[in-house]
Amino acid sequence: MTAAGATAALAFDAVTCTFAARGGGERYTAVRDTTLAIAPGEFVSVVGPTGCGKSTLLNLAAGLLDASSGTVMVDGAPLDGLNRRAGYMFQADALMPWRSALANVAAGLEFAGAKRAEAAPRAREWLARVGLAGFEDRYPHQLSGGMRKRVALAQMLILDPEILLMDEPFSALDIQTRQLMENELLELWSANRKSVLFITHDLEEAISLSDRVVVLAAGPGTHPIGEFAIDLPRPRDVAEIRLTPRFVELHEAIWQVLRGEVLKGYAQAKH
Ligand SMILES: Nc1ncnc2c1ncn2[C@@H]1O[C@H](COP(=O)(O)OP(=O)(O)OP(=O)(O)O)[C@@H](O)[C@H]1O
Ligand SMILES: [Mg+2]
């Protein structure tokens, strides 16, 4: 249950994830006893230091990893296998280099059984929606980094998933392109509110996009150590909202919690 009492779209219920060590060494507990719920239509960002377990959390939600204990719940039912109500967007480019932009966007529909002739017009429509009309025939290597992210966004949204799982999707982009993409994501999201679990290590990105920001502790055994409601008005322009006094206040409050964890994470990464 979420605070509002509705069934959560996605919930971690006391989830722990332990990795077996290679060569019989000690096991590594990446995520320990994590409880976290995302309400239908809610945009939640998770921030935490590098290596703390953010991607692990996302992979658990995607059903790509099994919890060692605890349960991942989707719409009130325990997740078993792949999370088919979710769409993913990962940090690395995941476009198929041998397919054109159009064919990349159409791919999910085709894999789900749609005929190419039905899938193509819908893919064309989605490419236009992410600002890529006229680029249908380009291959990924003929597109800029920002354009490839737009294709990936269309590829995810065309399947109309109820839950969006995004793992630092814009972190490889320059700041201007990144802010354009963030605004586009917000616009698409507000037109048709999905539940979003957005992973980032960038606190400003987290605050400017989200309804709620969750701070994870440094690993091992990461878990939420702070949760902040982001009461900034929508619609937002991610570049402009950063200049408002309330944003600065929220940033200060969350950074108080995150700062120590980032320092711990950094110290661990040096070993
Ligand atoms: N399949 C695996 N087997 C063993 N250890 C793993 C595996 N996947 C992740 N880990 C370990 O779990 C910890 C968390 O990794 P994870 O990728 O979730 O971190 P992250 O917070 O996403 O990091 P980053 O910010 O760098 O993307 C790391 O110490 C990592 O080495
Ligand atoms: Mg990661």
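A residue is counted here as buried if 20 or more other C-beta atoms lie within 10 Å of its own.

**Figure 1. Overall view of the chain in the predicted model.** By that criterion, 39% of the 271 residues of the chain count as buried. The chain holds eight helices and ten strands, and its C-alpha atoms fill a box of roughly 50 × 50 × 45 Å when the box is taken along the principal axes. Of the contacts between residues at least 6 apart in sequence, 70% join residues that are at least 24 apart.

**Figure 2. Close-up of the axes of helices α2 and α4.** Helix α2, spanning residues 101-111, and helix α4, spanning residues 145-157, have axes that come within 7 Å and cross at roughly 25°. Because angles under 35 degrees count as roughly parallel, α2 and α4 are therefore described as roughly parallel to each other. The crossing in which α2 passes α4 is right-handed.

**Figure 3. Close-up of the residues in the contact of α2 with α4.** On the side of α2, the contact is made by Ala101, Asn104, Val105, Ala107 and Gly108, while α4 contributes Val151, Ala154 and Gln155.

Definitions and conventions: Residues are numbered from 1 along each chain as its sequence is written. Chains are lettered from A and ligands numbered from 1 in the order in which they are written. This is a predicted model: local features need pLDDT of at least 70, side-chain atom pairs count only at pLDDT 80 or more; totals for chains, interfaces and linings use all residues. Axes are lines fitted to C-alpha atoms, for helices over the stretch in contact, and angles run from 0 to 180 degrees between N-to-C directions. Helices (H or I, at least four residues) and strands (E, at least two) are DSSP runs, numbered from the N terminus. Angles under 35 degrees count as roughly parallel, over 145 as roughly antiparallel, 65 to 115 as roughly perpendicular and the rest as oblique. A crossing is left-handed if the near helix is turned anticlockwise from the far one by less than a right angle, and right-handed if clockwise. Two residues are in contact if their C-beta atoms, placed from the backbone, lie within 7 Å. A residue is buried if 20 or more other C-beta atoms lie within 10 Å of its own, exposed if 12 or fewer, and partly exposed in between; C-beta atoms are placed from the backbone.
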